[in-house]
Amino acid sequence: MADAALHCRRASAFCLQAGIHRSIDVRIAVIGAGPAGLTAAYQLAKAGQTVVVFEAGKSVGGMARSFDLWGQRVDLGPHRFFSKDPRVNSLWLEVIGRDYRMVERQTRILYGDRLYEYPLRAGNVLANMGPVEAAACLLSYGAARIAPPRATGPDATFEDWVVSRFGRRLFEMFFKSYSEKLWGLSCKELNADFAAQRIKSFSLAQALLSAIGLSRQKHRTLADVFAYPLNGNGEVYERMARAVTELGGDVRLNTPVKRVIVKDKAACGVELSDGSSLAFDHVISTMPLTTMVKGLSDIPEAVTAATNALTYRNTIIVYLRVSRPDSFSDQWLYVHSPRLLTGRITHFGNWVPEIRRRQPGAILALEYWCNNEDAIWSEDEATLVARARREMAETGLVTDQEILEGSVVRIPRCYPVYSRDYKSHLAPVVAFLREHRNLWAIGRYGSFKYNNQDHSILMGLLTAEAILGHAEHDLWNVNADDEYQESSVITAEGLQVETRPENAAT
Ligand SMILES: Cc1cc2nc3c(=O)[nH]c(=O)nc-3n(C[C@H](O)[C@H](O)[C@H](O)COP(=O)(O)OP(=O)(O)OC[C@H]3O[C@@H](n4cnc5c(N)ncnc54)[C@H](O)[C@@H]3O)c2cc1C
């Protein structure tokens with residue numbers, strides 16, 4: 001606490017020396033009004049601190065925002081809320097109150113012309129694929145159990161991780177094509193971290209035992225049910241932003257930050273893209289880590305090189321309005337067919353009835369992942385909509401005549417790429433940032449962690465605690481895959497404490 005106060009006083013003095021205008025009210029700058037930035041701002045504003053949130057975009061919520069389209073409410077692709085952390089769940093409930101529903105998760109994989117349950121359930125996989133393919137999968141699963149590939153250590157690959165747990169045949173059917181579409185990399189070039197975070201293990205052996213009555217498979221997991229606000233996922237962040245303003249803070253939309261100003265290794269202000277500078281005692285940054293670091297002063301060459309080696313993947317979402325409300329019953333489908341470029345299709349009609357606002361038909365969203373230099377990233381809207389129409393009709397779930405219109409949203413840098421060696425590039429960047437006081441790099445692209453919104457909320461919470469001096473946290477060690485001994489989930493009645501949950505899958 002004393003240290004934090006001392007740093008604040010020093011930062012103020014540096015800013016005065018640097019000739020930056022200082023308003024006595026302004027203490028904490030938050031760059032980005034997504035889940036991480038708004039959670040920090042909300043907690044700090046409640047604690048009586050004055051915060052200013054600078055948001056480059058025209059609305060709040062970041063990648064977790066909702067917006068109106070064709071009279072309905074939609075998100076940027078599928079956004080379920082699920083957390084194992086009681087603090088995150090409590091905060092979420094504090095904001096949303098009772099304006100949410102519990103949703104039974106149904107998400108399947110479209111592979112060939114069949115739909116397989118996801119997370120994979122061994123019984124369903126075996127029943128769906130027929131005896132010959134099932135036998136081949138069992139043999140390959142058995143071989144991987146007897147002699148698994150090495151799948152641990154910092155440079156373990158995604159492919160080895162999955163093959164060691166599922167066998168090669170299932171890897172090729174259910175993981176390879178989707179992961180390569182998502183990341184644009186061979187699974188041999190992907191770090192196993194991504195798998196450990198996002199894939200729930202399963203046991204084919206267990207399924208066989210339960211099929212012959214020797215074991216009972218546990219079917220329900222925490223990931224089977226999730227919470228969803230009645231007015232779309234982004235409602236949580238819209239309410240947080242309103243609360244920040246009501247508590248005396250400021251949320252400035254359409255205000256991109258160009259760089260964080262540091263002096264003698266302490267953050268002391270921000271420079272906006274209009275060239276103006278403002279002084280602060282702390283800067284919380286959720287802007288892309290690479291852009292933020294490049295804007296700092298006195299960057300060693302090795303850090304610049306490491307920063308340049310960190311890459312992000314973009315998403316294009318094509319929304320289609322369709323006349324048919326019941327093309328499929330899942331909240332979203334994973335598309336594994338290599339024939340189709342899209343990797344995931346969301347059906348917003350299958351979340352909560354309120355977001356449809358009694359409109360006829362349904363809105364679907366097809367996701368396409370790409371790099372800046374890929375031709376698809378610069379395709380015009382008409383071309384993107386035409387492809388999505390074609391691919392949607394090819395799935396056989398709707399006909400071309402049932403597709404009424406399309407609309408496109410592009411999301412740059414939405415996935416930090418966990419390439420095989422990303423940790424070796426991230427380490428010097430983190431070490432350099434650790435030398436800086438009062439600068440908090442958090443969030444998904446803000447800290448280069450493959451966060452879900454709950455992880456970003458947790459980072460925002462912990463940052464506020466650290467700034468307020470209530471606790472010391474090493475935010476670089478907040479792991480997106482943290483397990484909590486005592487954990488809790490949101491239920492229709494509110495919070496419920498659970499003991500050790502199983503891994504969630506997204
Ligand atoms: C397609 C898709 C599906 C997802 N599904 C789920 C899901 O089911 N469940 C789940 O929990 N999570 C999901 N996520 C992840 C979730 O959206 C993110 O984890 C969350 O939004 C990250 O919050 P954040 O605050 O860290 O970053 P962001 O949401 O990216 O917010 C960062 C904000 O900073 C702003 N910004 C950037 N640069 C600047 C600048 N220079 N100056 C000012 N502002 C700036 C941006 O405009 C943005 O508003 C999904 C994400 C995507 C893309």
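Me: Which residues in H3 meet which residues in H10?
Reply: In this predicted model, where local features need pLDDT of at least 70, side-chain atom pairs count only at pLDDT 80 or more and totals for chains, interfaces and linings use all residues, Leu-91, Trp-92, Val-95 and Ile-96 in H3 meet Glu-235, Val-236, Arg-239 and Met-240 in H10, contact meaning heavy atoms within 4.5 Å. Residues are numbered from 1 along each chain as its sequence is written, and side-chain values use heavy atoms, with hydrogens and water left out.

Me: And by class, how many residues of that contact are nonpolar, polar or charged?
Reply: The contact of H3 with H10 has 6 nonpolar, no polar and 2 charged residues, where Ala, Val, Leu, Ile, Met, Phe, Trp, Tyr, Cys and Pro count as nonpolar, Asp, Glu, Lys and Arg as charged, and the others, Gly among them, as polar.

Me: At what angle do H3 and H10 pack?
Reply: Helix H3 (residues 86-96) and helix H10 (residues 235-246) pack at about 75°, with their axes 9 Å apart; axes are lines fitted to C-alpha atoms, for helices over the stretch in contact, and angles run from 0 to 180 degrees between N-to-C directions. That makes H3 roughly perpendicular to H10, a label for angles of 65 to 115 degrees. Helices here are DSSP runs (H or I, at least four residues), numbered from the N terminus.

Me: Switching to the ligand, which residues are closest?
Reply: The ligand is surrounded by 30 residues, and the closest are Glu-55, Pro-78, His-79, Gln-453 and Ser-456, a residue being near if one of its heavy atoms lies within 4 Å.

Me: What lies 2.6 Å from an oxygen atom of the ligand?
Reply: That is a polar side-chain atom of Glu-55, while a backbone N or O atom of Val-257 lies 2.9 Å from a nitrogen atom of the ligand.

Me: How much of the ligand does the protein bury?
Reply: Taken alone, the ligand exposes 990 Å², and the protein buries 93% of that, with accessible areas from the Shrake-Rupley method and a 1.4 Å probe.

Me: Back to helices: where do H5 and H6 meet?
Reply: Tyr-141, Ala-144 and Arg-145 in H5 meet Val-163, Ser-164, Arg-165 and Phe-166 in H6.

Note on methods:
Helix = DSSP H or I, 4+ residues; strand = E, 2+ residues; numbered from the N terminus. Parallel < 35°, antiparallel > 145°, perpendicular 65-115°, else oblique. Polar contact = N/O pair within 3.5 Å; in protein donor to acceptor, adjacent residues only side chain to side chain.
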